[in-house]
Amino acid sequence: MGLFTRRKTVFVDADILVIGGGMAGCGATYEARYWGRDLKVICVEKAHIDRSGAVAQGLYAINTYMGMQWDENQPEDHVRYARNDVMGLVREDLGYDIARHVDSSVHKFEEWGLPMMKDPETGRYQREGKWQIMIHGESYKPIVAEAARKAATKVYNRIMVTHLLMDETNPQRVAGAVGFNVRSGDFYVFRAKAVIVTAGGASHIFKPRAAGEGMGRTWYAPWSSASCYALPILVGAKMMQMENRIVLTRFKDGYGPVGAYFLHLKTYTENAYGDEYESRWYEHTRELVGDYVDKKPMPTCLRNHAILEEIKAGRGPIRMVTKEAFQDPHKETVGWENFLGMTIGQAVVWASQNIDPKHTNPELTTSEPYVMGSHATCSGAWVSGPEDCAPADYQWGYNRMMTVDGLFAAGDTAGGAAHKFSSGSFAEGRIAAKAAVNYVNDLGRDQPQVSETEYQDLQKTVFQPMENYAVGRNEIVAGTVSPSYLLPLHGLQRLEQIMDEYVGGISAHYTTNEPLLTRGLELLQMLKEDLDHLGAEDLHQLQRAWELNHRVVASESVTQHTMFRTETRWPGYYYRADHPKLDDTDWHCFTLSRYDRESGEWNLEKAPVHHIID
Ligand SMILES: Cc1cc2nc3c(=O)[nH]c(=O)nc-3n(C[C@H](O)[C@H](O)[C@H](O)COP(=O)(O)OP(=O)(O)OC[C@H]3O[C@@H](n4cnc5c(N)ncnc54)[C@H](O)[C@@H]3O)c2cc1C
């Protein structure tokens, strides 16, 4: 500790602590103030909430809006849609809960100044698709963050949370969190009565397509570093569906979104020879997944599956046919604006590769897998459901509370509710915060206590990588190679390679099997042992070190779940070559895991899928 005794330790007391100021975190912070007028509501964010999280660059569409005021859709319809897309396995109680509340959150965004596109004939929000509405959304995140800033007692930006703290008197109850300021290096101890984890999802656990200098070029935000899973896993919270990773079909190299192109511009795809190919794989897919292939719309993973098979058959690349749509000047404008509002990098890539979509049909690609709970997959924490509609075995306390008392989840962190997207994540943050306020009010005098020994030990652990570097830096063998420490980047590359080769990444064509997974777990174990020797040159690298730690924990969870589910439920996301078909008889169920940090053991179990909507 000698080197770091000059670092300040800052203590912050909170009634409600929100970890991660993205969409769900902003929703939680806003709502906690509404129900908890006199409560101390603290939001802690590792970047700056004005431009943090997956929505940092802006969005061009809000993907979840029912339009109940115009009777466009009802919450039940959305549950059916999400259930179909995730091959039957969603927590319908959670999805229904979000769907019934999401519209009011979108109305708030408009009230706060988000420019919404309107249909000139009806005056309603301009639909991009059945669930999506179009926005001029470059400033979506700062607008939403302003509401959170005004609601919070204080927002702590630039603080990376590394660990949760548990109650000294009740080891099943959360008591706060610790982290460090990535600019000053101050150590922070947050003592809280309730904690809401809203720290996004996980990118960069599998090797990305772009390597070297381009490795930040991924579809998912590179700063989504799996804290949302690692923090709860390490304190024994149950997780669900961690095998349900997502693979996205996107424009090649820039990962520009394709939704507006398919839905609004009515573009379509073809193989390298200009042929339609999806129908070619119909019978083959039917053999794997049965009737799911006939569902409308076709599940996202199955659309990937047809692309992957066509490429394997040697008829790639797959291209998006834009040349026709782009002859219409309105559609051409929409096509470009779509990128300018959310993925400007795609426009730059096209410019640099001489692609004008009016004259060239651009290539598509499938991404490396990511883990997230808010898109077309639903990995995340196993949470208690809403009192009025959750089946009894999905309910053990307050809405969105994990299996650890006082610990709540929303957005990518909360499992089971796919297709919440930005608006649904915000709405779910609000739902979680309302329940967390009730939890805090019900605590009375039975308040969690933080152990001094615990946070002092954690302080030493958190800064250890800097200590390792300071001690070992003179032993450099060559370049950045040292016999006594591992740099975070090297550790990350090792993790990505393990996940890629053994757990179903791009180089393995998303395919794995039991022997591969077994070896993958052994290699992950060895990597875990080496994490004690991470070396961090500065605070930036210290942040990378802790991001790596969190990614490794999440990766182990993904691997354990993938091993446990002996079927291929989602062809196109991943394949268990030893169990190549969907198996509804044995696996129409959720997979749950609990990590025991004392023994290092993972316990996996099945949980029933209850259908509450017909
Ligand atoms: C590429 C992409 C495109 C998308 N397009 C659309 C779209 O068009 N329309 C739509 O509606 N939705 C879209 N989504 C979905 C939407 O962005 C997510 O559903 C939503 O952002 C999830 O909210 P969240 O709060 O869970 O995570 P995020 O919004 O990502 O927020 C997580 C926050 O936690 C912070 N954090 C992480 N770790 C820590 C830590 N250890 N300590 C402190 N803070 C931490 C992060 O910095 C971040 O601010 C898209 C998502 C992606 C990735």
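This is a predicted model: local features need pLDDT of at least 70, side-chain atom pairs count only at pLDDT 80 or more; totals for chains, interfaces and linings use all residues.
## Ligand site

The shell around the ligand holds 32 residues. Glu45, Ser52, Ala61, Ser374 and Ser422 come nearest. Four elements each supply at least two residues of that shell: helices α1 (23–35) and α11 (421–443), and strands β3 (59–62) and β6 (159–166).

A backbone N or O atom of Ala61 lies 2.7 Å from a nitrogen atom of the ligand. For Lys46, a backbone N or O atom sits 3.1 Å from a ligand nitrogen. At Ala24, a polar backbone atom is 2.8 Å from an oxygen atom of the ligand. The ligand taken alone exposes 990 Å², and the protein buries 95% of that area.

## Open sheet

Strands β14, β9, β18 and β19 form an open sheet in that order. The pairing is antiparallel.

Strand β18 (residues 589–596) runs antiparallel to β19, and 8 bridges join the two. Phe590 has Ala607 in β19 as its bridge partner.

## Nonpolar surface patch

Leu340, Ile344 and Val348 make up a nonpolar patch on the surface. Together they have about 270 Å² of accessible area.

Val348 belongs to helix α10 (residues 344–352). Is Val348 buried or exposed? Val348 counts as exposed because its relative accessibility is 51%, and the cut-off for exposed is over 50%.

Definitions and conventions:
Residues are numbered from 1 along each chain as its sequence is written. Side-chain values use heavy atoms; hydrogens and water are left out. Patches are made of residues with over 30% relative accessible area and no salt bridge: like charges are joined within 9 Å, nonpolar side chains (Val, Leu, Ile, Met, Phe, Trp, Tyr) within 5 Å. Accessible areas come from the Shrake-Rupley method with a 1.4 Å probe; for residues, only the protein chains shown count as cover. A salt bridge is a side-chain nitrogen of Lys or Arg within 4 Å of a carboxyl oxygen of Asp or Glu. Buried means under 20% relative accessible area, exposed over 50%, partly exposed in between (1.4 Å probe, protein chains only). Two strands pair if DSSP finds at least two bridges between them. A residue is near a molecule or strand if one of its heavy atoms lies within 4 Å of it. A polar contact is a pair of N or O atoms within 3.5 Å; within protein, one must be able to donate a hydrogen and the other to accept it, and residues adjacent in sequence count only if both atoms are side-chain atoms.
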